[in-house]
Structure formats: C-alpha cells, structure tokens
Amino acid sequence: MRVAVWNTAFLGDSVLTLPLIRVLKAAWPEAELDFYVRGGLSSLYEAQPEISRVFACDKRGREKGLAAVLRQGRRIAGERYDIWVDAHLSLRSSYMAWVSRAPVRVGYAEAALSRVAFTRRVSRRFREFQEIERLLLLAEALDIPRAVLDDASLRWPELTLPSDAREEAARLLSPLPAGQIVGLHPGSVWPTKRWTPEGFAFILRRALESGVNAVLLAGPGEEGTAAEVRAIAGVRENEPRFLDLSGRTSLLSLAAVLGRLDCYVTNDSGPMHLAWAQRVPVTALFGPTVRELGFAPRGEMSSVMEADVPCRPCGLHGHKACPKGHFDCMKNIDPEAVWRDVERKLAARG
C-alpha cells in the first residue's frame, strides 16, 4: 500500500501532522508513507521512522505559478498512491489530491473544491477540537481500527532527529558552562505575535542574574529583533553564561538545540512546536492568538502567558500591525509573571 499525506502549511502545522502520520503507520505498518511539506522543511522529517520519503513543495520559489503546479501534479500522478490524505485547505492542495487519482482521497469538507477532489470528506469542526484532533478526523474517515485511533501514545508528535543534528547542537552549546539553559526566541513570521523586546530582555537579564545559562535564538530575518533584545538587556561581550545563536542554526540544528533546553521562552511560532514536541518545558507568549484556536503547546510543563484584552483573538495567524493600534495583547503580558513561570520550570527540572 502507498499512502501520501499532504500538508504544505507552516512549520508548526507540519509538526502537528505527526500524530496523524503515526496513526496511519500504526494502522498499516507495511505501507509506504510519503509526506509532502512546505519548501525548506523536508530535512526535519527525513529521519522520521514512520515516513518513507519526504517531498518539499517550494510554492513560494521554484514551484510557484501554474506551470509548476501542473508539473508537480504530473509527478504526483506518476506515484500511483492508494490513499491520499490532504491535511491542508488550499486550492493547490485539492488539485494535488484530485490529480493523484488515488482510489481513496480524504480531506476536509471546507477545503477548496472538496467535492471534486476527495472521495471522502469530513468536517474540520474547527470550534470543537484542537488541531491534532482535527487532523485525526481524517484518519477516522479511513476506517482505521478504533483501538489505534484511541491509542493516546500516538497522539504526541514524536520528533526523530538525526544524530548529526544532535551532535551539531552539542557543539553549538559547548561554550556554555555546566548548568541549566533557558532559550529565548523573540522572533515570529507575524509581527504582532512578537512579545516586546523589553520583555525578552527582562527575562534574559533575570536568567543571567540567577546564574542560569541563556541562549538567544533567531531564524533568518529575525537577527535584528534578537540584537535589539541583547542591546536592551545590556549583555556584556564576555558574559560566560550567554550565547547568541542568532542566525547560526539550520532548522535541524535549531530543533536539536531546543531539545537540550531546560526552558524555552517563545512567541506563538513554529519553533514553539519543535520544543514541546520534544517535551521541553515551554513558556509561550500569546497575543493576537488564543489557546482555543487549537495550536497551543501541550504537556504538563507547557504554559501560555497572555493578557486579558477583549479584542483577542484578532485572527488565526496574527497581523503585520495591530488592527486596533494599541498592541495591548503583548504589551500587557507581565515580565515578572513570565519569569516566575520560568523559575517554576527550572526548579522542577532541578
């Protein structure tokens, strides 16, 4: 049997698709299972034991445009899948499902052209479930045994990283002395999802004053935000317990670095999911988004810090600028409360 799972949304969305993939593989252990992800994400899943092959869809780059969509469709049709699972909602996604010609094609009823694209359709039931459970509705539509669907151990997005990524993380963190490590990641694709640089700087200073190692993280394009945090915090050049990894990690090495932290302070972002999936304690700052949307970190050591602002949520992803012009959802998150949450997690890790 040949199965394809398509989710070319953002990083966090692909991580949250892992429980669906694990359930499919548990139901059909002998199946070849391919995963289609957004461009730039494929390396993250190449060591995943449930996945046979990972394909990246560079829809913002070389696979942008109608001609590229048609070429990709022809390649997918040639794969001759038995089952196609569409975990996305876009027009391109529905087209790929249809063109796959898989005898069984399951997707959301709310997706573009769903009546044409899918042989089985399920309602996403957005207001009823968290995202992992919404994705598992697709597995239910495939008549997977109830015992597999109800297996709680499969509902965690177990992330398997290659050994060279873990070795690279150890090398990157090696300048730090022994002790607990707090990671701070002030960036996000969406500007309104970013907590204030002053807030992150406060946590950075408190960590160093408490004798805790602090690592500043930033992906491509986020280096300026990280530099601002460092400047506000007034970190000395020779501070032995501080390490600035801004712009120095690949996606794989970032994931491995996150796995070695004792607490991760982050905005609502893709890397947040890389951390809690590895059971790292997470202190997440939520502003324009809320837990009820279904994308909050899970686990006993995951917390969401937020301010009680009546205009929340203002969207599924956030905005480039606050629609109300005040940005109170982030400005009103108390740094002292955030630090107390970090301290509690560090104490628990002992």
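Modeller: Two strands pair if DSSP finds at least two bridges between them. Helices (H or I, at least four residues) and strands (E, at least two) are DSSP runs, numbered from the N terminus. The model is predicted, so local features need pLDDT of at least 70 and side-chain atom pairs pLDDT 80 or more, while totals for chains, interfaces and linings use all residues. Residues count from 1 along each chain as its sequence is written, and side-chain values use heavy atoms, without hydrogens or water.

Biologist: Which residue of β3 is the bridge partner of Val37?

Modeller: β3 covers residues 53-57. With β2 it forms five bridges, again in the parallel sense. The β3 partner of Val37 is Ala56.

Biologist: Is β2 largely enclosed or open?

Modeller: β2 spans residues 32-38. Six of its seven residues are buried (under 20% relative accessible area). So the rest of the structure leaves β2 largely enclosed.

Biologist: Which strands stand at the edges of the six-stranded sheet?

Modeller: The sheet is open, with parallel pairing and the order β9-β8-β7-β10-β11-β12. Each edge strand has a single partner, so one side of each lacks a neighbour in the sheet. The edges are β9 (242-244) and β12.

Biologist: Which residue of β12 is the bridge partner of Leu285?

Modeller: β11, residues 282-285, runs parallel to β12. Four bridges join the two strands. For Leu285, the β12 partner is Met305.

Biologist: Now the helices. How are α8 and α11 oriented to each other?

Modeller: α8 (residues 163-173) and α11 (residues 251-258) have axes that come within 8 Å and cross at roughly 70 degrees. Under 35 counts as roughly parallel, over 145 as roughly antiparallel, 65 to 115 as roughly perpendicular, the rest as oblique. Therefore α8 and α11 are roughly perpendicular.

Biologist: Which residues of α11 meet α8?

Modeller: Contact means heavy atoms within 4.5 Å. From α8 come Ala165, Arg166, Glu168, Ala169, Leu172 and Leu173. From α11 come Leu252, Ser253, Ala256 and Val257.

Biologist: How are α9 and α14 oriented to each other?

Modeller: α9 is residues 197-209 and α14 is residues 335-349. Their axes come within 9 Å and cross at roughly 45 degrees. α9 and α14 are therefore oblique.

Biologist: Which residues of α14 make the contact with α9?

Modeller: On the α9 side are Gly199, Phe202, Ile203, Arg206 and Ala207. On the α14 side are Pro335, Glu336, Val338 and Trp339.

Biologist: Is Asp143 buried or exposed?

Modeller: Asp143 is in the loop between α6 (131-140) and α7 (146-149). Phi there is positive, near 60 degrees, in a residue other than glycine. The relative accessibility is 60%, and the cut-off for exposed is over 50%. So Asp143 counts as exposed.

Biologist: What is the phi of Arg101?

Modeller: Arg101 is in the loop between α4 (91-100) and β5 (104-108). Most residues other than glycine have a negative phi. Arg101 is not a glycine, yet its phi is positive, at about 60 degrees.

Biologist: What is omega for the peptide bond from Arg312 to Pro313?

Modeller: Pro313 is in the loop between β12 (302-305) and α13 (328-331). Most peptide bonds are trans. The bond from Arg312 to Pro313 is cis, with omega near -10 degrees.

Terms used: Axes are lines fitted to C-alpha atoms, for helices over the stretch in contact, and angles run from 0 to 180 degrees between N-to-C directions. Buried means under 20% relative accessible area, exposed over 50%, partly exposed in between (1.4 Å probe, protein chains only).
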